[in-house]
Amino acid sequence: PVTWVGARYRHQLRPVDGSKAMVKITTIPKGTRSRCSFGPSDLSDYTIQADMKMSTADNKLPDIGLIAQGYTFEWQGQGKKLQIGSWISHDKRHFKKIDPFPLEAGKWYTLKLRVANEQDKAVAQAKIWLRDSAEPKDWTIELTDPAPNRVGSPGLFGNATNAEIAIDN
């Protein structure tokens with residue numbers, strides 16, 4: 001939709017594995033690394049979830065992720081790192097990562113990001129699992145931010161410089 005800021009020309013709708021999916025393409029003239037925002041910017045205390053499938057090109061994988069309330073949950077394809085963090089300018093202070101965290105191209109993964117305001121901090125919790133398996137009980141990675149983002153639009157993060165990303169559900 002036109003109201004999905006940053007999605008319009010960076011994604012195409014096409015069939016993937018028998019159903020229609022949104023595909024972040026590699027042939028974007030001005031930036032294959034981007035954020036897509038949808039929904040009001042004053043949202044807080046919510047969960048976002050999506051299924052993502054990475055392709056591969058020249059043995060390279062893309063970066064995939066979700067955004068909630070100013071926090072980004074990202075898996076870096078080349079570094080095979082899972083991370084959760086605040087705005088880029090705060091990354092050195094408010095940032096957690098798991099390294100290495102290997103994923104495979106050609107498989108659907110479900111990503112889930114929950115952010116909650118708790119008194120004087122925000123707690124961001126995220127998990128990732130194979131789409132066709134049961135959701136894990138525990139969060140894969142968590143971040144407690146003492147200088148919290150209190151509100152922010154939900155969104156999608158991706159870097160399709162290396163290969164395309166299919167997004168569903």
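The structure is a predicted model, in which local features need pLDDT of at least 70, side-chain atom pairs count only at pLDDT 80 or more, and totals for chains, interfaces and linings use all residues. Residues are numbered from 1 along each chain as its sequence is written, and side-chain values use heavy atoms, with hydrogens and water left out. Strands here are DSSP runs of E with at least two residues, numbered from the N terminus, and two strands pair if DSSP finds at least two bridges between them.

Strand β6 (residues 71–76) has 5 of its 6 residues buried, so the rest of the structure largely encloses it. Buried means under 20% relative accessible area, with a 1.4 Å probe and protein chains only. Strand β5 (residues 63–68) runs antiparallel to β6, and 5 bridges join the two. Their hairpin has 2 residues between the strands, and Q69 in the turn has a positive phi of about 55°. Next comes the pairing of β6 with β7 (residues 81–85), again antiparallel, over 5 bridges. This hairpin has 4 residues between its strands, with K80 in the turn at a positive phi of about 55°.

Now to an open sheet: 7 strands lie in the order β1-β2-β13-β4-β9-β10-β11, with antiparallel pairing. Its edge strands, β1 (11–16) and β11 (141–145), each pair on one side only. Strand β10 (residues 121–130) is joined to β11 by 5 bridges in the antiparallel sense, and Q125 has E142 in β11 as its bridge partner.

Technical notes
Buried < 20%, exposed > 50% of the residue type's maximum accessible area, 1.4 Å probe, protein only.
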